[in-house]
Amino acid sequence: MVWVKVCGISQIADLEAAVAAGADAVGLVLAPGTPRCITVERARALAEHSPIPGIVVTVDESPGDLVELADRIGAGGVQPHGEHQAEAAEAGVRNGLMVLRPVRVGSAGVSVDHVPGSQIPILDTADARRHGGTGRTFDHDALPPLQRRWVLAGGMGPHNVAEAIQKLQPWGVDASSHLESELGVKDPARIQAFVREAKGQ
């Protein structure tokens with residue numbers, strides 16, 4: 001069954017909706033200047049309340065700072081973007097964390113050969129101004145078959161996730177903006193529909 005992450009969680013009600021829907025993990029964004037960024041204290045409160053792993057999403061954190069952050073929050077995994085990404089991802093693996101390794105997909109397609117087997121590539125739409133969370137899909141036809149675990153992100157929602165899974169056969173899927181009723185606020189019905197469509201229930 002497909003692994004499902006609901007990203008950009010900021011409220012206990014959103015977390016509870018994701019858990020009730022059957023999501024496997026939630027994303028806690030700790031990247032200053034991004035629209036769904038929350039404080040470390042809020043992330044810790046959400047992680048403590050959650051029966052499923054919280055994945056800390058960061059930008060430009062050093063390996064040491066990322067591991068310390070995950071430990072303070074009680075996170076089950078990390079998703080490091082930006083500078084130090086490779087080193088931070090390796091540090092996450094060494095410390096027993098699940099590591100989602102961001103890979104940006106542009107018009108020329110993509111390769112995940114640089115991502116070690118201990119890390120799970122998460123493929124999202126390339127954007128010159130943002131590291132992720134664009135709410136836009138990339139050209140799925142440009143993606144070669146990937147013979148490993150990987151996560152599909154980028155514009156996923158209840159309206160398109162089942163078709164994308166059928167076509168691309170990812171190990172997991174991730175969504176955020178298309179599950180919102182307004183910026184940073186999740187819609188429980190959309191979360192429920194997304195997880196149901198993703199898992200084929």
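Me: New to this one. What share of the 201 residues in the protein chain is buried?
Reply: Buried residues make up 52% of them. Keep in mind that this is a predicted model.

Me: How many helices and strands are there?
Reply: The protein chain has 6 helices and 10 strands.

Me: And how does the radius of gyration fit a compact globule?
Reply: It agrees, because a compact globule with 201 residues would come out near 17 Å and the protein chain has 15 Å. The C-alpha atoms fill a box of roughly 40 × 35 × 30 Å along the principal axes.

Me: What about contacts between residues 24 or more positions apart?
Reply: Take the contacts with a separation of 6 or more. Residues 24 or more positions apart account for 49% of those.

Me: Switching to strand 1. Which way do its residues point?
Reply: Strand 1 covers residues 3–6. Trp3 and Lys5 point one way, Val4 and Val6 the other.

Me: Which strands pair with strand 1?
Reply: Strand 8, residues 172–175, pairs with strand 1 in the parallel sense over 4 bridges. There, Trp3 stands opposite Gly172. Strand 2, residues 25–29, is also parallel to strand 1, over 2 bridges. Lys5 stands opposite Ala25 in strand 2.

Me: Where does the chain go between strand 1 and strand 2?
Reply: Through helix 1, residues 12–21. That β-α-β crossover is right-handed.

Me: Last one. What is the accessible surface?
Reply: About 9000 Å² for the protein chain, with 48% belonging to carbon and sulfur atoms.

Conventions
Residues numbered from 1 in each chain as written. Predicted model: local features only at pLDDT ≥ 70, side-chain atom pairs only at ≥ 80, totals over all residues. Heavy atoms only, no water. Buried < 20%, exposed > 50% of the residue type's maximum accessible area, 1.4 Å probe, protein only. Pairing = 2+ DSSP bridges. Right-handed = clockwise from strand over helix to strand, strands pointing away. Rg over C-alpha atoms; globule rule 2.2 N^0.38 Å. Contact = heavy atoms within 4.5 Å. Areas by Shrake-Rupley, 256 points an atom, 1.4 Å probe, with all protein chains shown as cover.
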